[in-house]
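Please look over the sequence and the model shown here before reading on.

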Amino acid sequence: MQISTVLFTIPLLVPLLFLCLALTTAMPSHQYLSEMTAHSRETQQQERLQLSQQQSTNYNIVIPMGAAWREVIVNRFDPSNVTIPVGSEVIWSNQDKLSHTVTSGNASIGADGKFNSNVLRLQDSFSYTFSQPGRYSYYCIMHPWMNGMVTVSDSDSIPMRSGI
Ligand SMILES: [Cu+2]
């Protein structure tokens, strides 16, 4: 091949080369970016769904054996302090031989009428769904030193990952 031929074809080839580069790199990368964005959005939606599913599961609180009288027991409702998202259901079950109640309010103000299990015998359970955010103290009417707290958080306060 003569040098003059090479020199003549280079100016023709260069724009072609750029066009090929533009087609093979720019287009797929744009597509790749939008796929990534869509993927990320999908992932976030899935995470959000999983989070809300996790957080709307039931919460179990046990009244342990010896709940009222065993001095070593710290959580007479176990756990005595729970934080749950709004709309969650809490289930208390009595594992004690003695009967107890789960009554909203506390020893000093008495029952406030928000919820009340009435008498729970051994193996009985009581459930309540919290549909309003707030702090709910409760106790046992028969043993008022047995008390617990349910904190119901607004769903808006559930932490979310920000942007991509
Ligand atoms: Cu009790």
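In which loop is P79 found? P79 is found in the loop between β1 (59-63) and β2, where strands (E, at least two residues) and helices (H or I, at least four residues) are DSSP runs numbered from the N terminus. The peptide bond that leads from D78 into P79 is cis, and its omega is near 0 degrees.

The model is a predicted one, in which local features need pLDDT of at least 70 and side-chain atom pairs count only at pLDDT 80 or more, while totals for chains, interfaces and linings use all residues. Residues are numbered from 1 along each chain as its sequence is written.

The chain contains one helix and eight strands. Read from the N terminus, its elements follow the order α-β-β-β-β-β-β-β-β. Of contacts between residues at least 6 apart in sequence, 65% join residues at least 24 apart; a contact here is a pair of residues whose C-beta atoms, placed from the backbone, lie within 7 Å.

Five of the strands form an open sheet with mixed pairing, in the order β2-β8-β7-β4-β5. Two strands pair if DSSP finds at least two bridges between them. At the edges of the sheet are β2 (81-85) and β5 (110-116), each of which pairs on one side only. From one strand to the next the twist averages 40 degrees, taken between lines fitted to C-alpha atoms, with angles from 0 to 180 degrees between N-to-C directions. Within this sheet, β7 (residues 134-139) and β8 (residues 147-153) are antiparallel and share six bridges. S137 has M149 of β8 standing opposite.

Next comes the interior. In the chain of 164 residues, 16% count as buried. A residue is buried if 20 or more other C-beta atoms lie within 10 Å of its own, exposed if 12 or fewer do, and partly exposed in between, with C-beta atoms placed from the backbone. In soluble globular proteins, nonpolar side chains tend to be buried together. The largest nonpolar core in this model has 16 residues, and F77, V90, W92, V102 and M146 have the most contacts inside it. Such a core is a set of buried Ala, Val, Leu, Ile, Met, Phe, Trp, Tyr and Cys residues joined through C-beta atoms within 7 Å. At least two of its residues come from each of β1, β3 (89-94), β7 and β8. F77 touches I61, I63, W92, M146 and G148, leaving aside residues up to four places away in sequence.

What remains is the loop between β5 and β6 (125-129), where N118 is placed. N118 has a positive phi, near 60 degrees, and is not a glycine. N118 counts as exposed because it has 11 C-beta neighbours inside 10 Å. Q123 lies in the loop between β5 and β6 as well, and its phi is also positive, at about 75 degrees, although Q123 is not a glycine. Q123 is exposed because 9 other C-beta atoms lie within 10 Å.

L122 is found in the loop between β5 and β6 too. Why does L122 count as partly exposed? L122 counts as partly exposed because it has 14 C-beta neighbours inside 10 Å. Although L122 and Q95 are 27 residues apart in sequence, their C-alpha atoms are 5.6 Å apart in space. L122 also touches N94, D96 and K97, not counting residues up to four places away in sequence.

Notes
Two residues are in contact if their C-beta atoms, placed from the backbone, lie within 7 Å.
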